[in-house]
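Subject: Structure for you to look at

Hello,

Here is the structure I said I would send. My notes on it follow below.

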Amino acid sequence: KEPYVFFDLTGSRVVIEKDVAFSSGIRVYTHTHQFEKANWRKLPPIYSKKDTVFKKYCFVGANVIILSTCKYIGICSVVGAGYVVTKDIPDNSLAYGVPAVVIKSVEPFNENE
């Protein structure tokens, strides 16, 4: 029951840029299964070839699940706690919901200040 961040690296790499903040209980998946087919249990998983990228200064809240269909969490973006991310989150965005959607833009971070 320790705080953790789980990265499933079976499908592709996960790239984490500087000053990314992860809360506890996060799960990042890089593969999926062929659930739409009746014999999915006998079929191999679908592995993503594209890296999952967490851009600098983004924040991912507690117990977030990031599915293999999401490949980009943008610069200075925030994903609220407890949500499921199925699509890319653009730079300077606040996203939450199931599935997570962009609710509003956040003020860009100026590294020179």
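Strand β13 (residues 93-96) and strand β14 (residues 101-105) pair in the antiparallel sense, over four bridges. Here strands are DSSP runs of E, at least two residues long, numbered from the N terminus, and two strands pair if DSSP finds at least two bridges between them. One of the bridges joins L94 to K104 in β14. The two strands make a hairpin with four residues between them, and G97 in the turn has a positive phi of about 120 degrees.

This is a predicted model: local features need pLDDT of at least 70 and side-chain atom pairs count only at pLDDT 80 or more, while totals for chains, interfaces and linings use all residues. Residues are numbered from 1 along each chain as its sequence is written, and side-chain values use heavy atoms, with hydrogens and water left out.

There is also an open sheet of three strands, in the order β2-β7-β10, with parallel pairing. Its edge strands are β2 (14-16) and β10 (72-73), each of which pairs on one side only. β2 pairs with β7 (residues 52-54) over three bridges; V14 has T52 in β7 as its bridge partner.

V101 is found in β14.

Regards
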